[in-house]
Amino acid sequence: MPARAALQLALWLHVALAESLPRKGLQPFIPDSEGDLLFLLDSSGSVSYYEFSRVKEFIRGLLRPFTFGPSDVQTSIIHISTVPTIEFPFDRYLSTGAVQQAIRDTQQLMGDTNTGKALSFAKEKFFTDEAGARADVPKVLVWVTDGFSTDDISQPMQLLKDMEVTVFIISTGRGNYLELSAAASQPPEKHLYFVDVDDLPIITKELRDAIIDVIRAKRLRAMEITSSSFRLTWPRLLSSDTGYYVVEYAPTDDPRRKLVKQVSGDHTGLFLSDLSPDTTYEVVLIPESNEHYIPPQTTRVTTLEEEISPTRVLISESKPHSFRVSWAPTPESVGSYQVLYGPLPGNSAKLLEVDGAHNSTVVENLAPNTTYLVTVAAIYKSGKEKALSAKACTQEESSKVRHLRFEDMGPNTLKASWDSADGPVLGYRVRCQRQTGPSSLLSVSPQIHSVLLTDLALGTANKVCVKPMYRKQPGKGLCRVVHMQHATATQGYKHRRRA
């Protein structure tokens with residue numbers, strides 16, 4: 001073999017070997033984690049081959065430091081396509097090298113982006129014994145999406161979260177923030193990422209650390225931390241027959257405010273609410289076993305600072321007489337929202353009261369083609385207030401003309417008349433499509449509601465349409481077909497509604 005060819009082969013083998021082995025020198029292994037980690041991979045036709053390849057590389061880099069096995073981390077992939085498809089179950093590949101190779105070999109399926117079906121499939125079929133999932137370990141779902149789905153995701157995603165699955169979402173497109181933040185586990189700033197597909201490596205460490213915090217084995221931990229709540233989870237230490245758990249929690253700077261809750265031995269978690277913002281709590285889990293002593297577990301949890309809402313006000317579903325106002329975030333510490341709206345310019349305004357659990361409302365009975373100033377104010381339970389404003393525009397009213405009628409004005413001539421359309425009409429267009437002879441198009445001012453149509457041959461059928469014109473778009477036209485009869489008939493013409 002020539003020396004140059006041998007050198008090229010050696011270099012190729014070196015690169016291939018480096019890609020197939022874990023990069024121990026770059027990233028430490030993580031042996032003390034235990035959990036089932038499912039990737040929901042957008043394999044539909046809305047994702048390019050390049051984007052699909054970049055996402056696979058991101059997943060490989062994310063998983064590289066983990067230890068895989070029946071007592072460590074297990075992972076799996078579901079393809080989002082027309083029909084959800086399993087790439088491999090949780091318990092098939094139980095070594096780092098095998099997982100890396102399986103992800104590298106994953107092929108795009110194309111098809112529709114039926115994310116809701118994939119989520120329902122995960123809930124019904126995948127977090128089960130048949131798919132290799134384990135009953136007593138934390139569950140994590142990582143959904144990588146371009147921000148587009150052809151079906152509803154809200155209900156199946158909530159069912160997964162009700163199963164205590166922690167949901168991380170990475171959007172590489174223009175995903176709807178309100179929809180994705182509601183789908184991700186709370187708080188969204190720790191579970192929702194917006195990043196270009198070429199910049200995915202930027203979030204690898206942050207996302208990996210967040211996942212590790214969920215699946216760190218054999219310890220009491222807190223998740224879904226907000227300004228007023230968090231969820232405690234712990235490994236299964238008891239059963240309903242062998243004992244119960246006592247949970248004690250109090251602010252570290254005021255132990256006298258200690259609260260105590262008790263749950264049965266078949267629980268592995270507890271949601272604590274009505275907490276103070278920006279406060280560190282000392283939490284103690286005491287397993288009360290009737291068989292043997294189990295030592296208590298402790299942790300410290302600091303709630304987030306009180307969220308300032310709203311930070312975003314969005315206007316959508318604009319119509320001539322209504323539009324929808326949405327805002328985010330919606331922290332539990334807000335008791336209600338006040339939506340104040342009025343036309344610009346002007347000094348009149350109306351007020352809507354909205355429950356603090358809602359993040360949108362429809363404003364109705366508005367004037368068409370009008371700009372409104374909308375202010376959303378959050379009324380906190382503590383008495384604080386925070387407001388943010390936005391402009392909204394109603395659409396022009398696209399009404400149609402009514403009662404198109406005709407009058408015989410002599411040989412080959414008709415007068416077409418109509419009632420005026422609603423709204424700020426700029427004028428009317430009258431089109432006459434003659435059976436014989438050229439068609440004609442007339443434009444008249446908004447004050448004129450009739451025109452003369454000439455050169456209509458006897459014995460012909462002619463289509464006449466009248467359409468109102470508005471500033472931004474035309475309204476709906478009203479059409480009639482007029483039959484010109486010979487002079488021997490009782491009437492010179494007749495007309496019928498076009499089917």
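Hi everyone. Residues are numbered from 1 along each chain as its sequence is written, and side-chain values use heavy atoms, with hydrogens and water left out. As the model is predicted, local features need pLDDT of at least 70 and side-chain atom pairs count only at pLDDT 80 or more, while totals for chains, interfaces and linings use all residues.

Let's start with the pockets. On a 1 Å grid over the protein atoms alone, a pocket is an open set of points where a 1.4 Å probe fits, with protein on both sides within 12 Å along at least five of seven lines; lining residues have an atom within 4 Å of a point. A volume is the space filled by probe spheres set on the points, which are joined across faces, edges and corners.

The largest pocket has a volume of about 960 Å³. Its lining has 36 residues, with K161, S181, A182, Q186 and T330 nearest the centre. Helices and strands here are DSSP runs numbered from the N terminus (helices H or I, at least four residues; strands E, at least two). Which element gives the largest share of this lining? That is α6, with six residues.

The second largest pocket holds about 590 Å³. It is lined by 27 residues, and A135, D136, V137, P138 and T268 are the closest to its centre. Strands β5 (165-171) and β7 (221-223) each supply at least two lining residues.

β7 also leads us to a sheet. It is open, has three strands in the order β7-β8-β11, and pairs them antiparallel; strands pair if DSSP finds at least two bridges between them. β7 and β11 (269-272) are at the edges with a single partner strand each, so one side of each has no neighbour in the sheet. Between β8 (residues 230-233) and β11 there are four bridges, and L232 has L270 as its bridge partner in β11.

Now the backbone. Most residues other than glycine have a negative phi, and most peptide bonds are trans. P187 sits in the loop between α6 and α7 (188-191). A328 to P329 is cis too, with omega near -5 degrees.

Finally, E164 has a positive phi of about 65 degrees and lies in the loop between α5 and β5. Is E164 buried or partly exposed? At 37% relative accessibility, E164 counts as partly exposed, a class between buried (under 20%) and exposed (over 50%), using a 1.4 Å probe and protein chains only.
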